[in-house]
Amino acid sequence: GKIDTCKCDYINVVAPEWRMDIHIKEDIIEEVGRLLGYDNIPLDLPLHASAGKNKMFEFKAGLRELLARYGANEVLTYSFVSEKLLKKCELDCDNSYKIVNSISPDLQYIRQTLIPSLLDKAYVNQKLPVDKFAIFEMNDVYQKQNGVDEDGVPREKTSLAFVVAERKTNGTAFYKAKKYLDKILSVYGVEVKYTPLKADSPEALPFEVKRAAEI
């Protein structure tokens, strides 16, 4: 490209019309590094202001470690789900953002809860010769009912979903899941009250109301 230099502290750079990949200053910096050789770039770390501890990040990391210590395995599922999976969990597709140019029918919607994806993975694992397992995922979800922010971007909500499954059991699934939750709450010193589940949220829809609770 054309570079105009002067006795100033800046350089004016004009990219040629055929370089459609140059749009921002970082593109110029990358080009200079490529021409001069990446091996010639000093390895010194840039100076930056000292940032304080992120309490939410530490809390999430501690919660993940705690669940893993109790025997649960963390999974990461796709952020996109199919219409078929949403309907299996009795979720309203109109509350999910639909991908206009999705590459597959199985990836049509942005998930509004983690539950469908986690139940799908639990179903797959139950086909294996494993009598008992627990899985969880902590990630962001998006619901139309939560609206958008000032930039018009869908509001995200961090969610934690947990599934415990046993092939051979005489107990009730509700109390097995509750046991894990009670352990976690005791570690953080949180007192809660279990109340009947109100089926008025996407998180509650996949569950049998009489065999579930909210806190």
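## Basis of the values

Local features are taken only where pLDDT is at least 70, and side-chain atom pairs only at pLDDT 80 or more, whereas totals for chains, interfaces and linings use all residues of this predicted model. Residues are numbered from 1 along each chain as its sequence is written, and side-chain values rest on heavy atoms, with hydrogens and water left out.

## Helix α4

Helix α4, which covers residues 115-126 and so has twelve residues, spans 16 Å from its first C-alpha to its last, close to the 16 Å expected at 1.5 Å a residue; the expected span is 1.5 Å times one less than the number of residues. Helices are DSSP runs of H or I with at least four residues, and strands are runs of E with at least two, both numbered from the N terminus.

Within α4, Ile115, Pro116, Ser117, Leu118 and Ala122 are buried, that is, under 20% relative accessible area, where exposed means over 50% and partly exposed lies in between (1.4 Å probe, protein chains only). The elements that cover these buried residues include β4 (80-81), α3 (83-88), β6 (132-142) and β7 (156-166).

## Two loop residues

Arg19 belongs to the loop between β2 (12-14) and α1 (25-36), and it counts as buried because its relative accessibility is 17%. The side chain of Arg19 makes a polar contact with the side chain of Asp21 at 2.9 Å; such a contact is a pair of N or O atoms within 3.5 Å, in which, within protein, one must be able to donate a hydrogen and the other to accept it, and residues adjacent in sequence count only if both atoms are side-chain atoms.

Ala72 lies in the loop between α2 (55-69) and β3 (73-74) and is also buried, at 6% relative accessibility. Setting aside neighbours within four places in sequence, Ala72 is in contact (heavy atoms within 4.5 Å) with Leu67, Ala134, Phe136 and Phe162.

## Aromatic rings and charges

The whole structure holds three aromatic pairs. The rings of Phe174 and Tyr175 have centres 5.0 Å apart and planes at 85 degrees, so this pair is edge-to-face. Rings of Phe, Tyr and Trp (its six-membered ring) pair if their centres lie within 6.5 Å, with planes under 30 degrees apart counted as stacked, over 60 as edge-to-face and the rest as tilted. Phe174 is partly exposed at 24%, while Tyr175 is exposed at 57%.

The charged end of Lys178 sits over the ring of Tyr194, 4.7 Å from its centre, and that of Lys183 sits over the ring of Tyr70, 5.1 Å from its centre; the criterion is NZ of Lys or CZ of Arg within 6 Å of the ring centre and within 35 degrees of the ring normal.
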